[in-house]
Amino acid sequence: MHKHFDYREGFTVDTEAKYGEKFPYVDYGTAPIDPKRYYDPAQVDIEWEKMWTKTWLLAGFASDVPNVGDYFKFDIGRASIIVVRTRPDELKAFHNVCAHRANTLVTSDFGTVGKCFHCSFHGWEYDLDGNLIKIRDEEIFRPELISHRPGLTEVKLDLWGNFVCVNMDDNCGSLADFLGDIPKHLAGFHLDRFRPYRDDELWWDANWKTAMEAFIEFYHADDVHPEVLGSTETYRMQYDVLPNGHGRMIIPIGLPREYEDGDKISEADQQMLGIWGGTPDDYPEYDLSGRDFKKALTETKRGWAAKNGIDFTQLSDGQVTDDWNYSLFPNVTFNIFADVIMLQRWFPHPTDPEKSRYNAITCAIPVPDKNYKIWDINNFGPEAKGPMNFDGTVRPPRDRHENWEDFGYVLNQDIVLVPEVQKGLKSPGFKGFLPGEAEIRIRHYLAELDRVIAK
Ligand code: FES
Ligand SMILES: [Fe+2]
């Protein structure tokens, strides 16, 4: 028996949130998606030349370079880019390559160069604005070779709050146009107040698109992540496509349950309340095993925020508890919770279509509450981490992992699965993806990719 489902209408899950309304349905038809684009080496060149070097990319956080001379390195495909604070109120981005003989200028993820970049090959130096300021033994060069004082190649940079975005195309449109209304959608979350708390990286045996696509639908949750079913909706979800290839899904959490009257609150739910300092005793009137759990969770989180001086007042009840999952074209997703964000990025391998680099950064709001346990999906569950005293002043290093076991169990499940999909894509028996309407964001960003490539 099929349930009634109108795919043009889909589900709306948050009628109270600003910008929570379902966006108009876009009909992408039903043509199968050609699996070749996920393993054909020619695609790597096409995507690199037409897309990666032409689009806005989320490079990192302005808060990671607090002082003049601080930098972070952003590696993407065949490029490496340095983002440096040039003045207290100014950031610049440069290709991370010396003009002399192409040495890589900085090799650390984060650091400080003081007043200038010094190349470790022959000692040329560049000031923070990228100007060449020193050529060692300059007299040994013929003047016409260096008379133009070759400096660093600048990359366009703009900020979305604390997010640093770069674009390698000098003739690109503005970041504001690229983002559209997304900053407005998320204004109530005050994304500026989040700081990186954990930063993990891992190479996957899969195309970056194969990998990312497992994160822009939640249709897979029932089979891949059965542990979350008790607390998380997987069917009645809101999927929206947004302009420029962006998209979102809203995943309700802490649902009204279908337990018998008189059931006790589950262990897992009790633990969840405990993250924000709540206990079942706080809600003697509520049926915590069933319909009132979400209400209790919302009230607990609102109370926690108020106690810690964090403004949740612009958030709907849904936004306080649910996962507002946004994807930014081409390679970023944000799982946005009121107090935690999990930011994920997928990067192409420079040459191999069947490898990609995965980066997951948990961001949290620094709070004075020493008992607060960060809801860290990157290492899922409060049991994985003790109470955190996260004041946001220490930037965690980027941890490079060899093993998927290093990730929390939810991510493990995806990490193990994705390479199996990549293998299947090359099977002579596979005729192309058949995405359902819950996977509409896949067709949507691929359509944008095709549009960009065709330009
Ligand atoms: S490559 Fe940088 S100084 Fe020679
Ligand atoms: Fe997943």
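A quick word on names: helices (H or I, at least four residues) and strands (E, at least two) are DSSP runs, numbered from the N terminus. This is a predicted model, where local features need pLDDT of at least 70, side-chain atom pairs count only at pLDDT 80 or more, and totals for chains, interfaces and linings use all residues. Residues count from 1 along each chain as its sequence is written, chains are lettered from A and ligands numbered from 1 in the order in which they are written, and side-chain values use heavy atoms, leaving out hydrogens and water.

**Stop one: a helix.** Select α7, residues 267-275: D269, M272, L273 and I275 are buried there (under 20% relative accessible area; exposed is over 50%, partly exposed in between; 1.4 Å probe, protein chains only). Look down the axis of α7: its buried residues fall within an arc of 150°, so they line one face of the helix. That arc is taken from the directions from the helix axis to the C-beta atoms. Just after α7, click on G277, with its positive phi of about 85°.

**Stop two: the metal.** Which residues coordinate the iron ion (ligand 2)? Select H220 (NE2), H225 (NE2) and D414 (two OD entries), at 2.0 to 2.6 Å. Donors are N, O and S atoms within 2.8 Å of the metal (3.2 Å for Na, K and Ca); water is not among the atoms, so sites may look incomplete. In sequence, the donor residues are spaced H-x4-H-x188-D. H220 sits in the loop between α5 (208-213) and α6 (221-224), while D414 is in helix α10 (residues 409-425), 194 residues apart. H220 is buried at 13% relative accessible area, and D414 is buried at 3%.
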